[in-house]
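Trainee: I'm new to this one and would like a close look at a single part. Please pick a spot and walk me through what surrounds it.

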Amino acid sequence: MSRWVKWMAVAAAGLVCTQAAAQSRYPGVGRTATPAEIAAWDIDVRADFKGLPPGSGSVSRGEAVWEAKCASCHGSFGESNMFFPPIIGGTRAEDIVRGRVEALARPGEQRSTLMKLSQISTLWDYINRAMPFNAPKTLTADEVYALTAYILNQGDVVPANFVLTERNMAEVQQRLPNRNGLTRDHGLWETRGRPDVKAFACMANCGPEPRIVSQLPDHARGSHGDLAAQNRLIGPVRGVSLTQGAPAAAAVAAAPAARDPARDLAEKSGCLACHGAKQRVVGPALAEIAAKYRNDGGAEARLVAKVKSGGQGVWGNVPMPPSQLQEQDLRTLVRWILNTH
Amino acid sequence: MADPMRIRATVRDGVVNVKVLMSHEMETGQRKDAAGKLVPAHYIRSVSATYQGKTVLSAQWGPAIAKNPYLEFSFKGGQKGDKVVVTWEDNKGEKRSDEATIS
């Protein structure tokens, strides 16, 4: 699962439980979250299915939703490895019997989501909170059930006439190809037969304070650019700033720039999820787009039409999905891209 | 026997769009295994699709196509509820046919 999504989940949980403490220890700071605010964050589905909303979805409904909202990135059969390793594939009937996917043990084998998945709740929860990538949290509960059913059917975990509901999720769990595959006895890398890290949560008497014993040597400091500027502005990880000594510049980079309504619109409309100002994300950098059409008078109208209808082929074969925005807003966005980048 | 193909056929404005995912190793015959031995070539050599007995696609393939090939094509004149049959044959003479109902 995405680190980003996990991080958000942890952050949300943290928000809720530190609230009471904040109230008493720091009077005047913050306020108690309203039940509605908590409910909006509290969407996680646990392995024991606590948090799973009622609903139902058939494989065939899932197929239709998948074609409309997911196939452009993941392929019609979940087979595409263009954005992300395949969602479906590599599981066999024997794996379903054993609850352990044999191909995972083979080195070099492409690993699909369905091969690795050990909890059906994780798949449901992930789709519900994070997909489609360009419009998360827009699916109804029934659609999430249907999509989950479709993915399971493509892996022959459930038959084509199957209807997934909150009541039969537990039965499906018992058929997941890798349900017995979860191990905690490994690190990110194996070194000399032992995991490199094996962390246990520790709350008290956890041993000596860590001490920094070595640092990036000076000659290597800039080799990947200004690390601080490349990290998200949230979370504990900042990276080394190369602009230390010029704190004013760093502060400018960190603080949100002065409000620009066109930029806000781009952010709100999800454009920035795929387009960085200077970096390629899923789509080309905005600066690249501006540079390409700098001396092209007819570009504005053509690009408005392109963003409206979506398409591929100009920058590669990754498609841009069509936009639901009004013509007026599209024009504002395209002008903003072309004139200020 | 090889795993079944996944086939999806949908009709829109008189044009049937067919998407096929085949399950096949597609060994090129150029690759060596861990012991340094050549892995024998094993790849799909011909693919055809028929609608009501008429061939709507016929293709000759070779070892340059990747493992588990994905194929998409369209043809005119198909009806909802009818079947499309896709067949492949590989260089070892192994064959597989699967069908899908147009929706």
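Mentor: Let's start with a pocket and then move on to its surroundings.

This is a predicted model, so to speak a computed picture: local features need pLDDT of at least 70, side-chain atom pairs count only at pLDDT 80 or more, and totals for chains, interfaces and linings use all residues. Residues are numbered from 1 along each chain as its sequence is written, chains are lettered from A and ligands numbered from 1 in the order written, and side-chain values use heavy atoms, without hydrogens and water.

Our spot is the second largest pocket, with a volume of about 340 Å³. (A pocket is an open set of points on a 1 Å grid over the protein atoms alone, where a 1.4 Å probe fits and protein lies on both sides within 12 Å along at least five of seven lines; lining residues have an atom within 4 Å of a point. Points join across faces, edges and corners, and the volume is the space filled by probe spheres set on them.) It has 17 lining residues, and Glu63(A), Asn153(A), Gln154(A), Ala160(A) and Ile7(B) are the closest to its centre.

(Helices are DSSP runs of H or I with at least four residues, strands are runs of E with at least two, and both are numbered from the N terminus.) With four residues, β1(B) supplies the largest share.

(Buried is under 20% relative accessible area, exposed over 50%, partly exposed in between, with a 1.4 Å probe and protein chains only.) Of the contacts in chain B with a separation of 6 or more, 56% join residues 24 or more positions apart. (A contact is heavy atoms within 4.5 Å.)

The structure also holds four aromatic pairs over all chains. In the one formed by Tyr51(B) and Phe75(B), the ring centres are 5.4 Å apart and the planes stand at 45 degrees, so this pair is tilted. (Rings of Phe, Tyr and Trp, taking its six-membered ring, pair if their centres lie within 6.5 Å; planes under 30 degrees apart are stacked, over 60 edge-to-face, the rest tilted.) Tyr51(B) sits in β3 (44-51) and Phe75(B) in β5 (70-76), so to the eye the pair links distant parts of the chain, 24 residues apart. Both residues are buried.

Back in chain A, helix α4 (71-74) holds Ser72(A) and His74(A). Ser72(A) is partly exposed because its relative accessibility is 47%, whereas His74(A), at 13%, counts as buried. Not counting residues up to four places away, Ser72(A) touches Phe83(A) and Pro319(A).
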